[in-house]
Amino acid sequence: MGLNQADQEMVKDITRMGVRAGVLLRGVMLQKVDEDTLRWGLRELAPGDLMSRYMPVLVNRPEYVQLLNILHLIFSLEGQLDFQIQEYGFDSLKDDLQEINFSLQQVGEQFDLQELAEAI
């Protein structure tokens, strides 16, 4: 899919954030990342900044549904982490990891990630 410069940047930014969030969540599953580190890592990913920047583009472009899904998942995870852990425990993060990984796989199939590999 041919992307203009702005769309390439958006795909890179969201993909990078998705991969980094996936690494954090895998670390939790392997008991290598604790709750404080996860909270810090999610905050460092700044999903709110990306949400503000890209949401207006994503909601009007159905071909970017997987990018929107990644962005929304991570934004929600950061905002509701305490509640999710308190209510459902750390094991509930496995579902988020699976959904992020699935969306990343779909993005990888949709876009030429060879060009975008630098984003990761």
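Helices here (H or I, at least four residues) are DSSP runs numbered from the N terminus, as are strands (E, at least two). With that settled, welcome to the tour. You are looking at a predicted model, in which local features need pLDDT of at least 70, side-chain atom pairs count only at pLDDT 80 or more, and totals for chains, interfaces and linings use all residues. Residues are numbered from 1 along each chain as its sequence is written, and side-chain values use heavy atoms, with hydrogens and water left out.

**Stop 1: the core**

Select Ile14, Leu38, Leu42, Leu58, Leu67, Leu71 and Ile74. These have the most contacts inside the largest nonpolar core, a set of 32 residues. A nonpolar core here is a set of buried Ala, Val, Leu, Ile, Met, Phe, Trp, Tyr and Cys residues joined through side-chain atoms within 4.5 Å. Buried means under 20% relative accessible area, exposed means over 50%, and partly exposed is in between (1.4 Å probe, protein chains only). Now colour the elements that give two or more residues to this core: helix H1 (5-29), helix H2 (35-45), helix H3 (47-58), helix H4 (65-88) and helix H5 (93-110). In soluble globular proteins, nonpolar side chains tend to be buried together.

Centre the view on Leu67 next. Which residues does Leu67 touch, not counting those up to four places away in sequence? They are Met10, Val11, Ile14, Thr15, Leu58, Val107 and Phe111, where contact means heavy atoms within 4.5 Å.

**Stop 2**

Show the side chains of H2. Leu38, Gly41, Leu42 and Leu45 are the buried ones. Around the axis they cover an arc of only 100 degrees, which puts them on the same side of H2; the arc is that of the directions from the helix axis to the C-beta atoms. These buried residues pack against H1, H3, H4 and H5. Turn to the face pointing away from the buried side of H2, and you will find the exposed residues Asp36 and Glu44.

**Stop 2**

Arg39 and Glu35 are four residues apart in helix H2, so about one helical turn separates them. Arg39 is partly exposed at 24% relative accessible area, and Glu35 is partly exposed at 27%.

Asp82 is partly exposed, with a relative accessible area of 45%.

For another salt bridge, move to Arg61 and Glu63, whose side chains meet at 2.8 Å, N to O. Arg61 is partly exposed at 27% relative accessibility, and Glu63 is partly exposed at 29%. Then go back and display Glu35, Asp36, Arg39 and Asp82 together: salt bridges that share partners join them into one network.

**Stop 3: along H3**

Select H3 and check its length. H3 spans only 14 Å between its end C-alpha atoms, while a straight helix of 12 residues would span 16 Å at 1.5 Å a residue; the expected span is 1.5 Å times one less than the number of residues. Its buried residues are Pro47, Leu50, Met51, Tyr54 and Leu58. Seen down the axis of H3, they fall within an arc of 115 degrees, so they line one face of the helix. Their cover includes H1, H2 and H4. Asp49, Ser52 and Pro56 are exposed residues on the face turned away from the buried side of H3.

**Stop 4: aromatic pairs**

Finish with the rings. How many aromatic pairs are there by the rule used here? The count is two, where rings of Phe, Tyr and Trp (its six-membered ring) pair if their centres lie within 6.5 Å, and planes under 30 degrees apart count as stacked, over 60 as edge-to-face and the rest as tilted.

Select Tyr64 and Phe111: this pair is stacked, 5.8 Å centre to centre with 25 degrees between the planes. Tyr64 lies in the loop between H3 and H4 and Phe111 in the loop between H5 and helix H6 (113-116), so the pair ties together parts 47 residues apart in sequence. Both Tyr64 and Phe111 are buried.

Definitions and conventions:
Salt bridge = Lys/Arg side-chain N within 4 Å of Asp/Glu carboxyl O.
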